[in-house]
Amino acid sequence: MIPLSDWVRESRWVRIGLQAGVALVAIALVVAGAWAWYRSQESRGLAALAEATSLVQRAQGADAVAQTRESAIKALEAVMADHPRLSALPQAAYQLGNLKYAAGQYAAARGAYELALAKGASGSLRTLVGMGVGYAWEAEKKYANAAQAYEAVVKGLGRKDFLYEEALMAAARAQDLAGKPAVALEIYQRLLREAPDSRHAEDLRNRAADLRSRTVQ
């Protein structure tokens, strides 16, 4: 009978199996370590974002001063710089965009909103971020760009989705301001066809009537 130690030494397949087993254990340890590190970083990032969000809430208060807003902006920027892989980064970027917009820094606000999109903002947050991009363009009086941004939001929505009507109305407003009243009229008429009982129906009819009178002239 061959001793177990000799059999192991002489068996090529057993040696390969043992080596593979050792490798798998090593990989599992690396993966477990990486996951633990990720969870640790995620926890720290979320804690930092929670602190920054409390500053944001104060900065958005009715009696907030510019210094409070600036502190909140710096806190959010620090979170984003220190935790670039944070799962909640789109939310942080959205909040940053709102603060930049409130401060009149429209290009910077748009950059923050676009970062939120690039980092995977989804659902209602994606809609809000997309609208933010449009608002920032509109504030800079770049109405054609604003219209494109609003229309991009609409493309990702269904008729019953959050902010669908608001996005279409914003697109129509921007088209009108861009010197395209006929295009704006088409959008308002589309909304009236799709949602005749909308809470915006009276406003839509008034806007459409105004545009119709202008396009006829």
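**Reading the core, helices and rings**

Analyst: The largest nonpolar core has 53 residues, and those with the most contacts inside it are Leu49, Leu76, Leu99, Val129, Met131 and Tyr150. Helix 8 (residues 164-177) gives the most to this core, with eight residues. The model is predicted: local features need pLDDT of at least 70, side-chain atom pairs count only at pLDDT 80 or more, and totals for chains, interfaces and linings use all residues. Residues are numbered from 1 along each chain as its sequence is written, and side-chain values use heavy atoms, with hydrogens and water left out.

User: What is a nonpolar core here?

Analyst: In soluble globular proteins, nonpolar side chains tend to be buried together. A core here is a set of buried Ala, Val, Leu, Ile, Met, Phe, Trp, Tyr and Cys residues joined through side-chain atoms within 4.5 Å. Buried means under 20% relative accessible area, exposed over 50%, and partly exposed in between (1.4 Å probe, protein chains only). Buried residues make up 35% of the 217 residues in the protein.

User: How many helices and strands does the protein have?

Analyst: Helices (H or I, at least four residues) and strands (E, at least two) are DSSP runs, numbered from the N terminus. This protein has ten helices and zero strands. Along the sequence the pattern reads α-α-α-α-α-α-α-α-α-α.

User: What share of the contacts joins residues 24 or more positions apart?

Analyst: A contact means heavy atoms within 4.5 Å. Take contacts with a separation of 6 or more: residues 24 or more positions apart account for 50% of them. Leu99 is a case to inspect. Setting aside residues up to four places away in sequence, Leu99 touches Val56, Ala59, Gln60, Arg69, Ala72, Ile73 and Leu76.

User: Is helix 4 largely enclosed or largely open?

Analyst: Ten of its 14 residues are buried, so helix 4 is largely enclosed by the rest of the structure. Among the buried ones are Leu89, Pro90, Tyr94, Leu99 and Lys100.

User: What span does helix 4 reach from its first C-alpha to its last?

Analyst: The expected span is 1.5 Å times one less than the number of residues. Helix 4 (residues 89-102) reaches 20 Å, close to the 20 Å expected. Gly104 follows helix 4, and its phi is positive, near 80 degrees.

User: How many aromatic pairs are there?

Analyst: Rings of Phe, Tyr and Trp (its six-membered ring) pair if their centres lie within 6.5 Å; planes under 30 degrees apart count as stacked, over 60 as edge-to-face and the rest as tilted. By this rule there are three aromatic pairs. In one of them, Tyr101 and Tyr106 have ring centres 5.1 Å apart and planes at 65 degrees, so the pair is edge-to-face. Tyr101 is partly exposed at 31% relative accessibility, and Tyr106 is partly exposed at 27%. Tyr135 and Tyr150 are also edge-to-face, because their planes stand at 65 degrees, with centres 5.8 Å apart. Tyr135 lies in helix 6 (residues 123-139) and Tyr150 in helix 7 (residues 143-155), so this pair ties together parts that are 15 residues apart in sequence. Tyr135 is partly exposed at 36%, whereas Tyr150 is buried at 0%.

User: Which residue lies over the face of Trp137?

Analyst: A charge sits over a ring if NZ of Lys or CZ of Arg is within 6 Å of the ring centre and within 35 degrees of the ring normal. Here Arg110 lies over the face of Trp137, at 3.6 Å from the ring centre. Arg110 belongs to helix 5 (residues 106-118). Arg110 is buried, with a relative accessible area of 11%. Beyond its neighbours within four places in sequence, Arg110 is in contact with Val133, Ala136, Trp137 and Glu140.
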